[in-house]
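I set out to record what I looked up in this structure. The entries go from the whole chain to a single residue.

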Amino acid sequence: MMEPSAKPQPAAIVIFGASGDLTQRKVVPALFNLFLDGLLPEKFSVIGVARKPMSDDEFRKRLREGVDKFSRRGRAADADWQKFAANFHYRAAAYDDAGAYGSLAEQLTQLDKSWDASATRIFYLATPPSVFETVAGQLGRAGLYKERQRARIVVEKPFGRDLASARSLNKSLGRIFSEPQIYRIDHYLGKETVQNILAFRFANAIFEPIWNRRYIDNVQITVAESIGIENRAHFYERTGALRDMVQNHLLQILCLTAMEPPVAFNADEIRNKTVDVLRAIRPIPREKVREFAVRGQYGEGKIGEKIAPAYRAARDVAPDSATETFAALKLFIDNWRWQGVPFYLRTGKRLAQTVSAVGIQFRPVPHQAISYCSVGDWRQNCLMIHIQPEEDILLSFQAKQPGPIMCVSPVDMRFCYHEAFQTPTPEAYETLLLDVMEGDATLFMRADQVEAAWSVVTPVLESWESERPKDFPNYASGSWGPESADALLAKDNHTWLSPSIGLGAKKADLKS
Ligand SMILES: NC(=O)c1ccc[n+]([C@@H]2O[C@H](COP(=O)([O-])OP(=O)(O)OC[C@H]3O[C@@H](n4cnc5c(N)ncnc54)[C@H](OP(=O)(O)O)[C@@H]3O)[C@@H](O)[C@H]2O)c1
């Protein structure tokens, strides 16, 4: 989160795995937008490293295709692109080739000399996780970690596949880099609407007094996708929804929603407060996982007018796959603020809609003095924070209908990002890359955060891995997930709020 004025120091960004999808689709379009916005340092250089042989020109051509296709601004203007791309170079090398790291070090020293500066050095691991430790180890051997003020390493998700592997990766990185040098990406934290949860809660005086168990009945976090696994079967088959989404994105959203007010907006303070939340989450007992967690896998169904095939019918998916494409959890936070308030989390693929939202369901009025003309129009107060694709906040409350009798029905007040600010929203990677250049780790995961998040999901992971699901596939593509996810809330007399709750929505729309 950058100060409004400054530009970062000169920076050399080394991207490992630069021939891959992430570099082309996210990292370089984000850098290009920062460049267009005048936010990149005057002096910057990007060195792509990967095994695939490519010339500088071929590398630039590939990146240009990515920008034209994936940038939020659409096709790049030639003049802008030429100026930007002149800063890009490519080195074909094996990730364990010590000599390559030696000559990389020389190249970085030469850059410093030509810029007459001690440039920030960013080593971005955009490779599969299997290569993370190799690259970090070689950077260590080449001494490229040493100047701690300016050498930074960026590690993509997934960070481990369970608590043990996350700990081991933390240890390996920690042998070379100090914790403030390590930037673990959870790109959800770079989203404007996710950061706005902090602004909403802590830059306003009126919400904090009601942000607790006295006024809030339950909290619901939904990250739903209507797409399936596309061509990612190899990755997804060994990952599943719990690892892919809940351990990182959903738990981070929960942390921002539930954390105590920070004393200051700095990396340590914000991260201390989020770790406090993770540590206060009541552990789910292994033998009671069924009471707190639901898994699902999509079968065939209809998305719009099209028939969508089942997960098990996808290429490279086992015909009897036990991988979950849907996960829902009920969590409690054992502290004064949240005691007894359930936090329901759900995520899934091939759901009815692509939407990410936090729903805050407030308690009902203590006594209904008004005789309602229509009970069907009754709704508890609800706050819906839409993270994507809609970017807005809705407060739903009861209002009197015009007319001679006292009759109330729900209405909404809405804040919409685009209408209020009329400026395009930067992509999460733009925010995050700028933060790395600035040395601001607030929106990155600290080692203890990652491990605490893995601890929360570990009993569920272990239980699901030890017992094959008997009912898969258990939800139709295009639905809101398995019936057991509704039952999870029904036990507490709750229902899932529809994340598409919006202007004029009636109670019927609220049911998913
Ligand atoms: N793509 C996304 O949108 C996205 C989103 C979030 C997180 N991530 C994470 O970002 C990292 C990179 O993702 P990506 O989508 O760019 O992956 P990718 O295209 O599969 O891999 C990036 C590059 O890594 C190199 N590589 C090294 N060892 C490899 C191996 N064993 N198998 C395959 N490639 C290997 C390849 O380059 P050479 O063969 O030329 O060396 C490849 O071009 C991953 O950790 C991923 O989980 C990606």
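My entries on the chain and then on one asparagine follow.

**Basis.** I note that this is a predicted model, in which local features need pLDDT of at least 70, side-chain atom pairs count only at pLDDT 80 or more, and totals for chains, interfaces and linings use all residues. Residues are numbered from 1 along each chain as its sequence is written, and side-chain values use heavy atoms, with hydrogens and water left out.

**Whole chain.** I found 16 helices and 18 strands in the protein chain; these are DSSP runs, helices being H or I of at least four residues and strands E of at least two, numbered from the N terminus. The C-alpha atoms fill a box of roughly 80 × 50 × 45 Å along the principal axes. Of the 512 residues, 55% count as buried, that is, under 20% relative accessible area with a 1.4 Å probe, protein chains only.

**Position of N474.** I located N474 in the loop between helix 14 (447–466) and strand 18 (475–476). Is N474 buried or exposed? N474 has a relative accessible area of 18%, so it counts as buried.

**Surroundings of N474.** I listed its contacts (heavy atoms within 4.5 Å). Leaving aside neighbours within four places in sequence, N474 touches R295, G296, Q297 and P482.

**Polar atoms.** I checked the side chain of N474: one of its polar atoms lies 3.1 Å from the backbone oxygen of R295. The side chains of N474 and D471 are joined by a polar contact of 3.3 Å. Such a contact is a pair of N or O atoms within 3.5 Å; within protein, one must be able to donate a hydrogen and the other to accept it, and residues adjacent in sequence count only if both atoms are side-chain atoms.

Key. Buried means under 20% relative accessible area, exposed over 50%, partly exposed in between (1.4 Å probe, protein chains only).
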